[in-house]
Amino acid sequence: MADIELQGITKRYPDGTEAVKDLNLKIADGEFVILVGPSGCGKSTALRMIAGLEDISDGELLIGGQVVNERAPKDRDIAMVFQSYALYPHMTVRQNMGFALELAKVPEAERNRKVEEAAEILDLTQHLDRKPANLSGGQRQRVAMGRAIVRDPSVFLMDEPLSNLDAKLRVQMRTEVSRIQQRLGTTTVYVTHDQTEAMTLGDRVAVMRAGRLQQVDSPRNLYEQPANLFVAGFIGSPAMNFFSADIDGDRLATPFGDVPLPHRLRAAAASAHGKRVIAGLRPESFEDAEIAHQQNRQGGHEFEAEVELTESMGSEVYAYIRLEGDVAESDELAEIAADTGASEVPGGGTSQVVTRLSPETSVRHGERARFWLDTDKLHIFDPDDGTSLGREQDVVAAAPSPAEARQEEAAPRAPSA
Ligand SMILES: Nc1ncnc2c1ncn2[C@@H]1O[C@H](COP(=O)(O)OP(=O)(O)O)[C@@H](O)[C@H]1O
Ligand SMILES: [Mg+2]
């Protein structure tokens with residue numbers, strides 16, 4: 001069993017930097033969990049504490065139910081894969097992959113068996129006798145993973161292992177990593193700053209910001225029910241649009257006009273009557289009004305706006321429209337814009353809204369056009385602390401991850417007396 005539990009883990013570096021603050025996270029045996037967040041948010045520090053490469057200032061780390069705070073890295077049964085993987089240039093792939101086993105004095109026959117097994121999983125069998133210089137970037141990255149796999153650890157820790165690869169290869173390797181993790185079923189914690197990578201890889205994704213865990217959830221729940229402004233703005237590309245809005249009973253006064261609030265937000269709205277909030281809508285929650293009519297889309301709200309720019313992506317068109325009304329202003333949004341790169345947070349100091357329309361749209365830049373927005377998809381946030389209002393928090397928190405669900409099936413509860 002190699003479940004991992006972080007209980008109130010904190011890291012204070014000697015210079016006083018609090019890189020990780022009170023981190024609580026449970027990772028089930030066999031689970032694939034992604035730690036994601038902007039650069040400097042404490043991902044590597046958290047991973048290095050799990051590996052034992054960094055002392056834990058406060059809190060307890062449990063692996064397989066045992067507190068391992070004081071256990072040396074080599075005694076934690078963990079293998080780590082880093083962004084910069086240095087392969088030995090004078091050694092063949094076979095020698096590179098088997099090197100740790102050789103150091104551990106594993107007999108040659110067993111070493112070869114393990115290396116060949118790993119090579120098969122990694123699709124490297126035909127390259128075992130080559131030197132690294134004669135391999136492609138993706139193949140080299142697979143050799144680096146092979147070095148970890150041959151050790152047959154209980155836990156894999158990966159720190160941005162794909163970020164040195166070019167964009168196309170990264171997408172390929174993403175699929176590979178996922179396939180390998182599923183095949184081996186080894187508990188894996190994977191760190192990345194790339195939200196797309198996080199969303200496509202993991203069973204569960206843990207979003208961090210400035211040393212603090214923001215939300216741990218399935219990719220779908222993170223996307224559909226973000227816990228706060230930060231998660232809402234960080235997950236998704238193009239990012240969610242934010243704008244100021246005023247709650248007025250069951251309605252919301254927005255720069256697009258007065259819209260009905262969806263039922264799921266009404267209880268929260270009732271307790272915030274008259275309050276100014278930050279509203280959020282993802283680009284795909286908008287459509288060309290004409291197309292929305294053709295598709296017979298129900299409910300929603302229509303408005304007119306000036307199109308400043310269109311970008312055809314082939315399967316969809318991004319239309320940037322000018323927001324007529326107040327720009328959403330909050331310290332939270334300003335910080336998020338700084339954390340994630342200002343241009344990625346529409347409404348974070350800009351007055352442009354990104355809409356994602358069907359490719360058949362005929363809207364043109366420089367013209368006014370009619371748009372439709374799906375009011376069911378509205379999000380509202382408290383402008384002071386950024387929390388998402390009216391989110392089904394309890395439901396989300398109680399939902400077991402796929403790995404937990406599998407575990408429960410495998411271990412039926414004892415019948416009650
Ligand atoms: N050895 C160190 N001493 C002091 N501060 C550090 C040290 N290592 C990292 N930090 C700081 O801790 C924070 C988190 O760093 P890190 O865990 O590397 O972030 P990430 O991997 O998310 O980019 C950053 O502010 C970084 O500057
Ligand atoms: Mg890092």
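**Exercise 1. Find the element that gives the largest share of the shell around ligand 1, then describe that shell.**

Step 1. Helix H1, residues 43-51, provides the largest share, with three residues. Helices (H or I, at least four residues) and strands (E, at least two) are DSSP runs, numbered from the N terminus.

A word on the model before we go on: this is a predicted one, where local features need pLDDT of at least 70 and side-chain atom pairs pLDDT 80 or more, while totals for chains, interfaces and linings use all residues. Residues are numbered from 1 along each chain as written, chains are lettered from A and ligands numbered from 1 in written order, and side-chain values use heavy atoms, without hydrogens and water.

Step 2. List the neighbours, meaning residues with a heavy atom within 4 Å. Around ligand 1 are Tyr13, Asp15, Thr17, Ala19, Pro38, Ser39, Gly40, Cys41, Gly42, Lys43, Ser44 and Thr45.

Step 3. Sort them by kind: four are nonpolar, six polar and two charged. Here Ala, Val, Leu, Ile, Met, Phe, Trp, Tyr, Cys and Pro count as nonpolar, Asp, Glu, Lys and Arg as charged, and the others, Gly among them, as polar.

Step 4. Look at some atom pairs. A polar side-chain atom of tyrosine 13 sits 3.4 Å from a nitrogen atom of ligand 1. Polar backbone atoms also approach ligand oxygen atoms: one of cysteine 41 at 3.2 Å, and one of glycine 42 at 3.0 Å. Taken alone, ligand 1 exposes 560 Å², and the protein buries 61% of that. Such areas come from the Shrake-Rupley method with a 1.4 Å probe.

**Exercise 2. Check what span helix H5 should have, and find what covers its buried residues.**

Step 1. The expected span is 1.5 Å times one less than the number of residues. For the 18 residues of H5 (167-184) this gives 26 Å, and the end C-alpha atoms are 26 Å apart, so the two agree.

Step 2. In H5 they are Leu169, Met173, Arg174, Glu176, Val177, Ser178, Ile180 and Gln181.

Step 3. Keep the helix geometry in mind. An α-helix has 3.6 residues a turn, so residues three or four places apart point the same way.

Step 4. Look at the cover, which includes strand S3 (32-36), H3, H4, S7, strand S8 (187-192) and helix H6 (195-201).

Step 5. Step past the end: just after H5, glycine 185 has a positive phi of about 65°.

**Exercise 3. Is arginine 142 buried or exposed, and what does it touch?**

Step 1. Arginine 142 belongs to helix H4, and its relative accessible area of 14% makes it buried.

Step 2. Leaving out residues up to four places away in sequence, arginine 142 touches Leu122, Asp123, Leu124, Met173 and Glu176. Touching means contact, with heavy atoms within 4.5 Å.

Step 3. A polar atom of the arginine 142 side chain lies 2.8 Å from the backbone oxygen of leucine 122.

**Exercise 4. Describe the backbone at lysine 105, aspartate 152 and proline 238.**

Step 1. Lysine 105, in the loop between H2 (93-103) and H3 (108-122), has a positive phi near 60°. Its relative accessibility is 72%, so lysine 105 counts as exposed.

Step 2. Proline 238, in the loop between H8 (229-234) and S11 (241-248), is joined to serine 237 by a cis peptide bond with omega about -5°.

Methods
Buried means under 20% relative accessible area, exposed over 50%, partly exposed in between (1.4 Å probe, protein chains only). A polar contact is a pair of N or O atoms within 3.5 Å; within protein, one must be able to donate a hydrogen and the other to accept it, and residues adjacent in sequence count only if both atoms are side-chain atoms.
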